[in-house]
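Below is a briefing on one protein chain, with points grouped by topic. Please read it alongside the sequence and the structure.

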Amino acid sequence: MEALLMKELSLSRVQPSGHSGGGCISQGRSYDTDRGCLYVKSNHKAEARQMFEGELASLDAVRQTGTIRVPNPIKVIDQPGGGAALVMEHLNMRSLNRHSAALGEQLADLHLHNQRLREQLDRDSGIVGKGAGQADMAHVDKFGFHAVTCCGSIPLVNDWLEDWVAFYCRQRIQPQMALLEESSGDREARELWAQLQLIYLFAGSSGTQRVYLRAVSSTFGWFRTQV
(Lines give C-alpha, C1' and ligand atoms only; values in the text may rest on other atoms or scores of the structure.)
Protein backbone atom coordinates (compact mmCIF):
# COMPACT_ATOMS: atom_id res chain seq x y z
CA MET A 1 0.00 0.00 0.00
CA GLU A 2 2.87 2.40 0.79
CA ALA A 3 4.25 2.21 -2.75
CA LEU A 4 0.76 2.63 -4.23
CA LEU A 5 0.09 5.74 -2.14
CA MET A 6 3.44 7.26 -3.10
CA LYS A 7 2.66 6.72 -6.78
CA GLU A 8 -0.99 7.81 -6.80
CA LEU A 9 -0.58 10.86 -4.53
CA SER A 10 2.97 11.88 -5.53
CA LEU A 11 4.23 11.41 -1.99
CA SER A 12 7.88 11.17 -0.97
CA ARG A 13 7.31 9.59 2.44
CA VAL A 14 4.71 7.04 3.58
CA GLN A 15 4.93 5.11 6.84
CA PRO A 16 2.22 3.16 8.74
CA SER A 17 1.33 5.11 11.88
CA GLY A 18 0.01 2.24 13.99
CA HIS A 19 -3.66 3.25 13.79
CA SER A 20 -5.52 0.37 12.15
CA GLY A 21 -8.91 -1.24 12.22
CA GLY A 22 -11.93 -2.05 10.14
CA GLY A 23 -15.46 -3.32 10.08
CA CYS A 24 -17.35 -6.18 8.51
CA ILE A 25 -16.80 -4.80 4.99
CA SER A 26 -13.55 -2.83 4.71
CA GLN A 27 -10.21 -2.53 6.47
CA GLY A 28 -8.55 0.72 7.48
CA ARG A 29 -5.09 1.99 8.34
CA SER A 30 -3.45 5.34 8.96
CA TYR A 31 -0.19 6.48 7.38
CA ASP A 32 2.19 9.31 8.23
CA THR A 33 3.19 11.12 5.04
CA ASP A 34 4.78 14.35 3.88
CA ARG A 35 1.20 15.62 3.38
CA GLY A 36 0.18 14.84 6.95
CA CYS A 37 -1.53 11.81 8.43
CA LEU A 38 -3.83 9.99 6.02
CA TYR A 39 -6.43 7.29 6.61
CA VAL A 40 -6.94 4.59 3.98
CA LYS A 41 -9.98 2.31 3.71
CA SER A 42 -9.41 -0.72 1.49
CA ASN A 43 -11.66 -3.40 0.08
CA HIS A 44 -10.76 -6.17 -2.35
CA LYS A 45 -14.23 -6.76 -3.79
CA ALA A 46 -15.03 -5.88 -7.41
CA GLU A 47 -17.66 -3.32 -6.34
CA ALA A 48 -15.26 -1.47 -4.02
CA ARG A 49 -14.59 1.46 -6.38
CA GLN A 50 -18.28 2.27 -6.74
CA MET A 51 -18.76 2.01 -2.99
CA PHE A 52 -15.82 4.29 -2.21
CA GLU A 53 -16.69 6.83 -4.92
CA GLY A 54 -20.10 7.19 -3.30
CA GLU A 55 -18.49 7.63 0.11
CA LEU A 56 -16.08 10.24 -1.25
CA ALA A 57 -18.96 12.20 -2.81
CA SER A 58 -20.95 11.95 0.43
CA LEU A 59 -18.09 13.16 2.61
CA ASP A 60 -17.48 16.05 0.24
CA ALA A 61 -21.17 17.02 0.30
CA VAL A 62 -21.22 17.02 4.11
CA ARG A 63 -17.94 18.96 4.23
CA GLN A 64 -19.34 21.68 1.96
CA THR A 65 -22.18 22.43 4.38
CA GLY A 66 -19.69 23.59 7.02
CA THR A 67 -21.92 22.16 9.75
CA ILE A 68 -19.87 19.26 11.07
CA ARG A 69 -16.24 18.19 10.89
CA VAL A 70 -15.61 15.24 8.59
CA PRO A 71 -12.39 13.85 7.09
CA ASN A 72 -11.38 15.61 3.90
CA PRO A 73 -11.75 12.97 1.15
CA ILE A 74 -8.78 12.87 -1.19
CA LYS A 75 -8.94 10.11 -3.80
CA VAL A 76 -10.22 6.65 -4.72
CA ILE A 77 -7.46 4.46 -6.11
CA ASP A 78 -7.50 1.00 -7.68
CA GLN A 79 -5.53 -1.75 -5.98
CA PRO A 80 -3.30 -3.87 -8.23
CA GLY A 81 -4.67 -7.13 -6.85
CA GLY A 82 -8.29 -6.07 -7.25
CA GLY A 83 -10.65 -3.81 -5.38
CA ALA A 84 -10.01 -0.20 -4.42
CA ALA A 85 -9.02 2.10 -1.59
CA LEU A 86 -10.38 5.43 -0.34
CA VAL A 87 -7.78 7.91 0.88
CA MET A 88 -8.86 10.64 3.26
CA GLU A 89 -7.56 12.88 5.99
CA HIS A 90 -6.89 11.14 9.29
CA LEU A 91 -8.86 12.54 12.23
CA ASN A 92 -8.04 11.77 15.85
CA MET A 93 -11.32 10.34 17.15
CA ARG A 94 -10.22 9.67 20.72
CA SER A 95 -11.83 11.23 23.83
CA LEU A 96 -14.94 12.48 22.03
CA ASN A 97 -17.45 11.81 24.82
CA ARG A 98 -17.14 15.33 26.19
CA HIS A 99 -18.14 16.69 22.78
CA SER A 100 -21.31 14.59 22.44
CA ALA A 101 -23.68 17.54 23.02
CA ALA A 102 -21.90 19.62 20.35
CA LEU A 103 -22.01 16.65 17.98
CA GLY A 104 -25.76 16.38 18.44
CA GLU A 105 -26.21 20.08 17.69
CA GLN A 106 -24.01 19.84 14.61
CA LEU A 107 -25.92 16.81 13.31
CA ALA A 108 -29.14 18.80 13.72
CA ASP A 109 -27.55 21.69 11.79
CA LEU A 110 -26.59 19.27 9.03
CA HIS A 111 -30.15 18.00 8.65
CA LEU A 112 -31.53 21.56 8.69
CA HIS A 113 -28.94 22.94 6.28
CA ASN A 114 -30.95 22.61 3.08
CA GLN A 115 -34.08 24.02 4.73
CA ARG A 116 -32.12 27.06 5.91
CA LEU A 117 -30.78 27.59 2.39
CA ARG A 118 -34.40 27.71 1.20
CA GLU A 119 -35.29 30.23 3.92
CA GLN A 120 -32.27 32.37 3.02
CA LEU A 121 -33.22 32.23 -0.65
CA ASP A 122 -36.72 33.44 0.21
CA ARG A 123 -35.31 36.34 2.23
CA ASP A 124 -32.81 37.30 -0.49
CA SER A 125 -35.48 37.28 -3.18
CA GLY A 126 -36.84 40.53 -1.72
CA ILE A 127 -33.44 42.27 -1.72
CA VAL A 128 -32.66 44.43 -4.77
CA GLY A 129 -29.47 43.34 -6.51
CA LYS A 130 -29.29 39.89 -4.96
CA GLY A 131 -30.82 37.14 -7.02
CA ALA A 132 -30.91 33.35 -7.01
CA GLY A 133 -27.66 31.48 -7.49
CA GLN A 134 -25.45 33.87 -5.52
CA ALA A 135 -25.25 31.73 -2.39
CA ASP A 136 -22.20 29.53 -1.72
CA MET A 137 -24.40 26.44 -1.96
CA ALA A 138 -27.65 26.06 -3.88
CA HIS A 139 -30.87 24.89 -2.27
CA VAL A 140 -31.88 21.41 -3.47
CA ASP A 141 -35.61 21.08 -4.16
CA LYS A 142 -35.62 17.40 -5.13
CA PHE A 143 -34.83 14.12 -3.41
CA GLY A 144 -31.81 12.08 -4.43
CA PHE A 145 -28.06 12.44 -4.85
CA HIS A 146 -25.71 13.01 -7.77
CA ALA A 147 -23.71 9.82 -7.11
CA VAL A 148 -24.45 6.16 -6.42
CA THR A 149 -24.02 5.40 -2.72
CA CYS A 150 -24.10 2.07 -0.94
CA CYS A 151 -25.70 0.44 2.08
CA GLY A 152 -22.77 -1.76 2.99
CA SER A 153 -21.76 -3.00 -0.43
CA ILE A 154 -25.32 -2.85 -1.87
CA PRO A 155 -25.68 0.02 -4.41
CA LEU A 156 -28.53 2.46 -3.74
CA VAL A 157 -30.52 4.11 -6.51
CA ASN A 158 -30.37 7.89 -5.99
CA ASP A 159 -32.11 9.22 -9.12
CA TRP A 160 -33.69 12.62 -8.47
CA LEU A 161 -37.43 12.65 -7.73
CA GLU A 162 -39.82 15.48 -6.88
CA ASP A 163 -41.68 13.50 -4.20
CA TRP A 164 -39.91 12.22 -1.07
CA VAL A 165 -42.50 9.49 -0.53
CA ALA A 166 -41.95 8.25 -4.09
CA PHE A 167 -38.19 8.34 -3.54
CA TYR A 168 -38.43 6.38 -0.29
CA CYS A 169 -40.75 3.77 -1.76
CA ARG A 170 -39.25 3.28 -5.22
CA GLN A 171 -35.58 3.69 -4.43
CA ARG A 172 -35.26 2.43 -0.87
CA ILE A 173 -38.01 -0.07 -0.02
CA GLN A 174 -38.65 -1.54 -3.49
CA PRO A 175 -35.00 -2.57 -4.09
CA GLN A 176 -34.88 -4.21 -0.65
CA MET A 177 -38.08 -6.09 -1.42
CA ALA A 178 -36.57 -7.24 -4.72
CA LEU A 179 -33.50 -8.56 -2.88
CA LEU A 180 -35.74 -10.30 -0.35
CA GLU A 181 -37.77 -11.90 -3.14
CA GLU A 182 -34.61 -13.04 -4.90
CA SER A 183 -33.02 -14.54 -1.79
CA SER A 184 -36.00 -16.16 -0.07
CA GLY A 185 -39.15 -15.72 -2.16
CA ASP A 186 -41.03 -14.57 0.96
CA ARG A 187 -44.69 -14.75 -0.12
CA GLU A 188 -46.07 -12.89 2.91
CA ALA A 189 -43.69 -9.96 2.41
CA ARG A 190 -44.57 -9.83 -1.29
CA GLU A 191 -48.29 -9.68 -0.54
CA LEU A 192 -47.89 -6.99 2.13
CA TRP A 193 -45.76 -4.90 -0.20
CA ALA A 194 -48.39 -5.19 -2.93
CA GLN A 195 -51.02 -3.88 -0.48
CA LEU A 196 -48.83 -0.93 0.49
CA GLN A 197 -48.22 -0.08 -3.15
CA LEU A 198 -51.97 0.21 -3.65
CA ILE A 199 -52.15 2.66 -0.75
CA TYR A 200 -49.33 4.69 -2.30
CA LEU A 201 -51.20 5.00 -5.60
CA PHE A 202 -53.87 6.97 -3.78
CA ALA A 203 -51.44 9.05 -1.67
CA GLY A 204 -52.15 12.34 -3.41
CA SER A 205 -52.08 14.59 -0.35
CA SER A 206 -49.43 15.00 2.33
CA GLY A 207 -51.89 13.66 4.90
CA THR A 208 -52.41 10.50 2.89
CA GLN A 209 -48.66 10.19 2.45
CA ARG A 210 -48.26 10.23 6.21
CA VAL A 211 -50.82 7.45 6.53
CA TYR A 212 -48.89 5.49 3.92
CA LEU A 213 -45.57 5.88 5.73
CA ARG A 214 -47.18 4.81 9.00
CA ALA A 215 -48.43 1.70 7.23
CA VAL A 216 -44.96 0.96 5.93
CA SER A 217 -43.41 1.45 9.35
CA SER A 218 -45.92 -0.73 11.18
CA THR A 219 -45.94 -3.48 8.54
CA PHE A 220 -42.17 -3.85 8.21
CA GLY A 221 -40.48 -3.52 11.57
CA TRP A 222 -37.12 -3.13 9.87
CA PHE A 223 -38.23 -0.03 7.95
CA ARG A 224 -38.41 2.90 10.36
CA THR A 225 -39.34 6.48 9.49
CA GLN A 226 -40.63 9.62 11.14
CA VAL A 227 -43.75 11.27 9.78
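Glutamine 171 is buried in this predicted model. Its relative accessible area is 8%, and a residue counts as buried when that value is under 20%.

**Glutamine 171**
- Glutamine 171 is placed in helix 4, which covers residues 164-184.
- The side chain of glutamine 171 comes to 3.2 Å from the backbone oxygen of valine 157.
- Leaving aside residues up to four places away in sequence, glutamine 171 touches Val157, Asn158, Asp159, Leu161 and Ala166.

**The protein as a whole**
- The protein has six helices and seven strands.
- Along the sequence these follow the pattern α-β-β-β-α-β-β-α-β-β-α-α-α.
- The protein has 227 residues, and 29% of them count as buried.
- The accessible surface of the protein is about 14200 Å², and carbon and sulfur atoms account for 52% of that surface.
- Of the contacts between residues at least 6 apart in sequence, 45% join residues at least 24 apart.

**Nonpolar cores**
- The largest nonpolar core has eleven residues: Leu4, Leu5, Leu9, Leu11, Val14, Tyr31, Leu38, Val40, Ile77, Ala85 and Val87.
- Helix 1 (2-9), strand 3 (36-43) and strand 5 (84-89) are the elements that give two or more residues to this core.
- With three residues, helix 1 gives the most to this core.
- Valine 87, one of the residues of the largest core, touches Leu5, Leu9, Leu38, Tyr39, Val40, Pro73, Ile74, Lys75 and Ile77, again not counting residues up to four places away in sequence.
- A second, separate core has ten residues, among them Ala48, Ile68, Leu86 and Met88.

**Helix 3**
- Helix 3 runs over residues 100-124 and has 25 residues.
- From its first C-alpha to its last, helix 3 reaches 34 Å, close to the 36 Å expected at 1.5 Å a residue.
- At histidine 113, helix 3 bends by about 50 degrees.
- Histidine 113 is also one of the buried residues of helix 3, together with Leu117 and Asp124.
- The cover over the buried residues of helix 3 includes helix 2 (48-65).

Definitions and conventions:
Residues numbered from 1 in each chain as written. Predicted model: local features only at pLDDT ≥ 70, side-chain atom pairs only at ≥ 80, totals over all residues. Heavy atoms only, no water. Helix = DSSP H or I, 4+ residues; strand = E, 2+ residues; numbered from the N terminus. Buried < 20%, exposed > 50% of the residue type's maximum accessible area, 1.4 Å probe, protein only. Contact = heavy atoms within 4.5 Å. Areas by Shrake-Rupley, 256 points an atom, 1.4 Å probe, with all protein chains shown as cover. Polar contact = N/O pair within 3.5 Å; in protein donor to acceptor, adjacent residues only side chain to side chain. Core = buried A, V, L, I, M, F, W, Y, C linked by side-chain atoms within 4.5 Å. Expected span 1.5 Å × (residues − 1). Bend = angle between axes of the 7 residues up to and from the residue.
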